[in-house]
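The entries follow in the order I made them.

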Amino acid sequence: MTYSTHSPRFWRSLCALALWAASSLALAQRLPPDVANALARAKVPQDAVSLYVARADGLGSPRLSHRASVLVNPASVMKLVTTFAALDTLGADYTWKTRFYADGPLKDGVLYGNLYIQGGGDPKLVLERIAATFAALQTRGVQKVRGDIVLDHHLFEPEARDPAEFDGQALSPYNTAPDGLLVNFKSLIFTFTPEPDSGIARIRSEPPIADVQMDAQVPLSTQSCNDWRGALQAEFANPDQVHFGGSYPVKCGERVWPVAYTDPASYARRVLQAMYLGLGGSLTGVVRDGRTPGDATWLMDAPSLPLGELIADVNKFSNNVMAQQMFLTLGLQAGRPGTFAASRAAVAAWWPQAIGRNVPVPTLENGSGLSRDERTSASALGQLLRRAAAHPQAAVFAHSLSVAGVDGTAQRMRDRGLAPESIGNAQLKTGTLRDVASVAGYATGRSGQRYVVVGIVNHPLAPAARPALDALVEWAVKE
């Protein structure tokens, strides 16, 4: 049946259709009751929140789209951009290579010249792999170096910054700067083990580090464990000494304290010297920084773990410096050091083809989310997650996310107890900064349908709104 455009019935039908459309749009924007209630309890207004929930397969309209196109600070959820760009452009099997060179002859286990260690940007060159690499070097005939060990950091040129600039926490490992030759995240790890019978706590530290005096014990106390780090009265300012002038509460049991080394520029020199000598190597010269000569002789490569494994460290555990290593790698060009500016340009060129020409490119600073300036929208992250779900390496990307209530940063959802059906049924990346709380990833509904879920809060009371983000994931799972 058709109606004339002059017919009253036509205009009544048109008005009804318009009212239905407006009503449907209103419903699409309305927050789920549990989310709205959690925001109200946190005293966070709904206009400080961006939410997006849609089918992961890209079909249909979003189930929820609340301020989804507004540009906001996503905190560490921005790591999804860096890791998916790396997975898509470099591939899951990509490895970073630390290369070894010599400028003299090698005979009977002796290198008559300098040994060069050229950083390849490895995001996870940690103690176990350094030890294995030095063992492989000895197997290749380098037991003694009659010269210097020269460390080449020049692959990257990250922007110089004060590690305390971001939040005043210069000794927090999450503020560690990227490096072409990044050794063990430039951090020291102290383990405190109480021995009540002797009245002391033993202190173990790793990695071994040359020319740094470390206290081996500290007296025990009976005070509460609330501020055990403060009670230790740690003195880290002197690069040549670590001293604990206080005491350790026996009630704490064994605790671990990771600390960024106070002189990051000398960290690699000190640690590699201690490890090389500790593993039986011999050195007549010093360990110093420098460049690899163009005519040096290649000895061996030490490849990193594959990218497909390393993005799990970045996303599950929100490792900032690893994310920045990957981000800098995206901008590498032959003969030029990697810079954040080059990486920002590389992502801006990649984004339209990979995510969509109509999806705004994120504003990136260092690719880790450890920034006051990075911006994107909930819908843009939702589109990235949809693209990733259809990618040939979709399983690798999803596996890099925390399983709700099980591992990584999303493990805390079990402790909060606010989203019981989400436990084990959502794969998520979380983000936290001052004034920011966020979550993004995949949730599997009761029907088996998979959804992309993004929630971002930008507000001075954002940390109190974390239960609202739990409620968002739970709502998606319950369908």
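How much space lies in the largest cavity? I found about 70 Å³ there. I was reading a predicted model, where local features need pLDDT of at least 70, side-chain atom pairs count only at pLDDT 80 or more, and totals for chains, interfaces and linings use all residues. Residues are numbered from 1 along each chain as its sequence is written, and side-chain values use heavy atoms, with hydrogens and water left out.

Entry on cavities. On a 1 Å grid over the protein atoms alone, a cavity is a set of points where a 1.4 Å probe fits but cannot get out, a pocket is an open set with protein on both sides within 12 Å along at least five of seven lines, and lining residues have an atom within 4 Å of a point. Points are joined across faces, edges and corners, and a volume is the space filled by probe spheres set on them. I counted 3 cavities of 30 Å³ or more. Among the residues lining the largest cavity I noted Phe-100, Ile-117, Phe-134 and Ala-302. Strand S3 (97-102) and helix H4 (127-139) each give two or more residues to that lining (helices, H or I, of at least four residues and strands, E, of at least two are DSSP runs, numbered from the N terminus). H4 gives the largest share, 3 residues. I sorted the lining into 8 nonpolar, 2 polar and no charged residues (Ala, Val, Leu, Ile, Met, Phe, Trp, Tyr, Cys and Pro count as nonpolar, Asp, Glu, Lys and Arg as charged, and the others, Gly among them, as polar).

The largest pocket holds about 920 Å³. Of its 37 lining residues, Tyr-174, Phe-317, Ser-318, Asn-319 and Asn-320 are the closest to its centre. I sorted this lining into 16 nonpolar, 11 polar and 10 charged residues. For the second largest pocket I wrote down about 580 Å³. It has 27 lining residues, and Ala-177, Pro-178, Asp-179, Lys-186 and Pro-264 lie nearest its centre.

Entry on helices. I looked up helix H8 (residues 320-330) and helix H9 (residues 340-354), whose axes come within 7 Å and cross at roughly 70 degrees (axes are lines fitted to C-alpha atoms, for helices over the stretch in contact, and angles run from 0 to 180 degrees between N-to-C directions). H8 is therefore roughly perpendicular to H9 (65 to 115 degrees). Residues in the contact (heavy atoms within 4.5 Å) include Phe-327 and Leu-328 of H8 and Phe-340 and Val-347 of H9.

Notes:
Parallel < 35°, antiparallel > 145°, perpendicular 65-115°, else oblique.
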